[in-house]
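Here is a short report on one protein chain.

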Amino acid sequence: MSIESLKYSSYKNSIKDSQVKQIPVEYLIIAGGGSGGRGGNNFSGSQGTGGGGAGGYISTVAGEKSGTDTNAGDPHTVNLGQDYVVDIGAGSTSTGGGFSGQGTTTFDSIVAVPGGGGGVVGFTNSFSAGGTGGSAGGGGNSFSNSRHYPGQGGRPGNINAGSGGGGAANVEDTSNRNGLPGLSSSITGSSVERAGGGAGNIQNSNTIRSATGGGGANGGQSASGVAGSVNTGGGGGAGGNGNSNNNRGAGGTGGSGVVIFRYDKKYTISVSVGLTAGTETVDGDKKYIEITAGTGTVSWG
């Protein structure tokens with residue numbers, strides 16, 4: 001073989017090697033959900049407390065949606081053998097009204113923002129909007145339409161009814177106080193809805209409003225709202241109103257976030273100490289794995 005042929009062969013191999021060192025990884029990243037607001041006081045007029053908003057939802061699965069009704073992005077290109085930081089956001093536990101900022105989930109430089117807390121009606125007729133976030137918390141309200149506060153992306157409150165929290169699907173619906181829906185993904189081989197908003201409560205009522213996508217239902221009178229489901233980023237349900245400051249229902253905590261990876265089955269992921277992960281599972285010509293808690297690194301080889 002000539003020297004020129006050897007050079008050309010070496011050049012082709014070097015290109016092949018450089019291509020093998022990087023692979024595309026699909027992901028679904030969900031931040032922690034916002035908590036529902038604490039229930040109000042039945043003796044201060046018609047009141048409603050908002051449900052928590054869902055955590056931010058970022059998908060790169062072809063044909064699916066990311067939050068705020070955007071198309072899925074491109075898979076993330078990773079270098080084989082390189083460590084990438086993953087941090088799973090916890091669900092929010094604050095029920096002070098409109099809280100934002102607890103539960104960020106990250107993968108490398110990709111950040112999913114936590115859901116906003118539900119708005120509340122205070123014991124002394126103070127009011128708050130739903131917190132902003134990946135999906136906004138529902139607004140609290142009292143007395144009349146002119147006194148409600150917007151959910152800033154979730155539903156506004158209405159007379160005697162708090163708003164349901166915003167969900168990843170970014171659907172508008174003012175007909176009831178249910179939590180807004182999440183989005184469905186088949187990244188694990190079957191369709192699962194996640195990142196739904198928590199339900200708002202109703203003044204002087206034991207009526208339980210529904211929620212999907214891991215969002216929590218509201219509490220009846222004096223009862224706590226239901227927590228968002230773990231690893232869905234679902235918003236917590238609003239707490240039920242009470243007849244004193246001591247027996248108002250607590251808002252449900254937000255559901256924790258999750259990171260799910262999908263990649264060619266010939267590669268294997270390594271997950272560091274500090275992260276909790278499920279089993280690497282083969283699905284057709286791909287593998288997937290769910291990272292459900294903690295902070296650490298992942299790499300592929």
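Asp283 counts as partly exposed, at 26% relative accessibility. The classes run as follows: buried is under 20% relative accessible area, exposed is over 50%, and partly exposed lies in between (1.4 Å probe, protein chains only). The model is predicted: local features need pLDDT of at least 70, side-chain atom pairs count only at pLDDT 80 or more, and totals for chains, interfaces and linings use all residues. Residues are numbered from 1 along each chain as its sequence is written, and side-chain values use heavy atoms, with hydrogens and water left out.

**Salt bridges**

Asp283 pairs with Arg262 in a salt bridge. The term means a side-chain nitrogen of Lys or Arg within 4 Å of a carboxyl oxygen of Asp or Glu. Arg262 sits in strand E13 and Asp283 in strand E16 (residues 281-283), so the bridge ties together parts 21 residues apart in sequence. Strands (E, at least two residues) and helices (H or I, at least four) are DSSP runs, numbered from the N terminus. Arg262 is buried, with a relative accessible area of 13%.

The structure holds two salt bridges. The other joins Lys287 and Glu280. Lys287 is buried at 11% relative accessible area, while Glu280 is partly exposed at 25%.

| Salt bridge | N to O distance |
|---|---|
| Arg262 with Asp283 | 2.8 Å |
| Lys287 with Glu280 | 3.8 Å |

**Overall fold**

The protein chain has one helix and 17 strands. Buried residues make up 50% of its 301 residues. Among contacts (heavy atoms within 4.5 Å) with a separation of 6 or more, 57% link residues 24 or more positions apart.

**Nonpolar cores**

Nonpolar side chains tend to be buried together in soluble globular proteins. A nonpolar core here is a set of buried Ala, Val, Leu, Ile, Met, Phe, Trp, Tyr and Cys residues joined through side-chain atoms within 4.5 Å. Which residues have the most contacts inside the largest core? They are Val86, Phe107, Phe261, Val298 and Trp300, in a core of 22 residues. Strands E1 (22-30), E7 (84-87), E9 (110-112), E13 (258-264) and E17 (286-300) each give two or more residues to this core.

Phe261 touches Val86, Phe107, Val298 and Trp300, among others. Its contacts beyond four places in sequence also include Lys287. A second, separate core has twelve residues, including Ala54, Leu183, Ile187 and Val258.

**Largest pocket**

The largest pocket has a volume of about 250 Å³. On a 1 Å grid over the protein atoms alone, a pocket is an open set of points where a 1.4 Å probe fits, with protein on both sides within 12 Å along at least five of seven lines; lining residues have an atom within 4 Å of a point. Grid points are joined across faces, edges and corners, and the volume is the space filled by probe spheres set on the points.

Twenty residues line this pocket, and Gly67, Thr68, Gly133, Gly134 and Ser135 are the closest to its centre. Strands E3 (57-59) and E9 each supply at least two lining residues. The lining has seven nonpolar, 13 polar and no charged residues. Here Ala, Val, Leu, Ile, Met, Phe, Trp, Tyr, Cys and Pro count as nonpolar, Asp, Glu, Lys and Arg as charged, and the others, Gly among them, as polar.

**Two loop residues**

Ser191 lies in the loop between strands E11 (183-185) and E12 (192-194). Ser191 is exposed, at 54% relative accessible area. Arg38, in the loop between E1 and strand E2 (47-48), is partly exposed at 28%.
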